[in-house]
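This report describes a pocket and a set of salt bridges. Please consult the sequence and the structure alongside the text.

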Amino acid sequence: MAVGREKGRCAVVRRIAVVGAGQAGLQLGLGLLGAGGYEVTVVAARTPDQVRGGRVMSTQAMFGPALRAERAAGLDLWEGEAPGVRSVDAVLVPEAGVRALEFTMTLDEPAQSVDQRVKTARWLELVEERGGRVEYRELDLAGLRALAAAHELTVVAAGRGELAGIFARDAARSPFDAPQRRLSALYAHGVRAPDPAAGPRARMHAVPGVGELYLQPALTLSGPCDILLWEAVPGSPFDRFGDRPGGDEQLRRMRELMGQYLPWEAELWAGAVPTDPGGSLYGALTPVVRRPVAELGGGVRVLGIGDAVVVNDPITGQGANSAARAAEAYLRAIVEHGDRPFTAEWMTALFEEFWERHARHGVALTAALLTMPDHLQAVFAAAGEHEAVARRLANTYAEPADHAAWLATPELVGAYLATLG
Ligand SMILES: Cc1cc2nc3c(=O)[nH]c(=O)nc-3n(C[C@H](O)[C@H](O)[C@H](O)COP(=O)(O)OP(=O)(O)OC[C@H]3O[C@@H](n4cnc5c(N)ncnc54)[C@H](O)[C@@H]3O)c2cc1C
């Protein structure tokens, strides 16, 4: 531990390394630089220009509480430019071309989606502008061990990549052992809004047994755009993108599927074009929860954050939000820890508190939305009748801890629905 200027709440300058330059790692690294008293090294696999010139990585809808955490760290750089989404129009499509249940879910605070290529490239530049160090390299296990041995605390924020394998899977907390949906996302310009006067709105369509379709206004490299995310039940008619076609072909197939299942959407997408060659994303991820501390031998250990330890299917838009909330919680814990050593016990306790307060709720909400038990279907039906139910549902995506208060069991839902009259 190097003795240095007295800054922030630490009497010494503490050396902290962050591996991975995504939502979790950059928000934490920049937060530490803002707090003062930390020498921060971020290891990034790609330079800002490589990130901007690369492929989209997410649809990254961020809700109010996560955006507040970014704002608190001085990282809300696109507030005026990115569309603020205040509501989500939900439609149940029981069979191709049929609109059944329809309702609007209003968010208490606007949500926002800033292309992670835009966001993380700029945040990475900010690390050096705000006094941190960036090492551009893809770290392997030996490199990680050496880095961790040279720092008081090393936080692994490397997402779902290979490095996450150092954290053991927690079987009791991992709800699935295989992907539940196959994903296909496209960023596009030229999509018409159903009601332009109503301002930016997201839309979600559920086709039981087939999959879900999410549409949201966002900000990308070339300005405002719309993102389309298909969540296909494996083997269903929506599961048509396994060969990862180019953007034009992807859009053609999406239009074909919309024409068949959601013709009202097909009309809105008639004049759409892909934003750029990197504007398509495909994949299928297995939701998983891992143990937060990895021992690398010789007393060297690292702490995991974000997707490196908690992966959710994007059906509920929890991943980046959870990463932001984790960065906020870890930052607070590190600062409050002052000059004391970062032991394995401290790391475990920090994660356990975050798990208890936040992460477990996002995992439970996502598992519920992926499997749609009867009691949740009853809530969606009630949302079609009662504006208050639709509003609470929307705001549970933003603050998933509320899931435990009203959605988690048939009994809770029954008691809640009985109050509606
Ligand atoms: C299709 C899709 C849609 C999504 N939509 C949403 C949504 O609407 N809302 C939401 O909240 N979440 C969404 N998510 C999830 C969200 O994108 C992730 O949960 C979030 O980005 C996780 O942040 P992170 O910082 O933990 O990891 P990442 O964003 O994956 O960042 C990890 C970083 O580490 C780097 N890295 C990896 N390995 C190494 C290495 N060995 N050495 C150095 N660097 C390394 C990577 O290059 C990357 O920059 C979506 C995900 C997908 C796939």
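## Terms and basis

Ala, Val, Leu, Ile, Met, Phe, Trp, Tyr, Cys and Pro are counted as nonpolar, Asp, Glu, Lys and Arg as charged, and the others, Gly among them, as polar. The model is predicted: local features need pLDDT of at least 70 and side-chain atom pairs pLDDT 80 or more, whereas totals for chains, interfaces and linings use all residues. Residues are numbered from 1 along each chain as its sequence is written, and side-chain values use heavy atoms, with hydrogens and water left out.

## The second largest pocket

The lining of the second largest pocket comprises 18 nonpolar, 5 polar and 2 charged residues.

## Salt bridges

In one of them, Glu70 pairs with Lys119, with the closest N and O atoms 2.6 Å apart. Both Glu70 and Lys119 are buried (under 20% relative accessible area; exposed is over 50%, partly exposed in between; 1.4 Å probe, protein chains only).

Arg240 and Glu256 form another salt bridge, at 3.0 Å from N to O. Arg240 is partly exposed at 29% relative accessibility, and Glu256 is partly exposed at 39%. Glu249 and Arg252 also meet in a salt bridge, at 2.9 Å from N to O.

Technical notes: A salt bridge is a side-chain nitrogen of Lys or Arg within 4 Å of a carboxyl oxygen of Asp or Glu.
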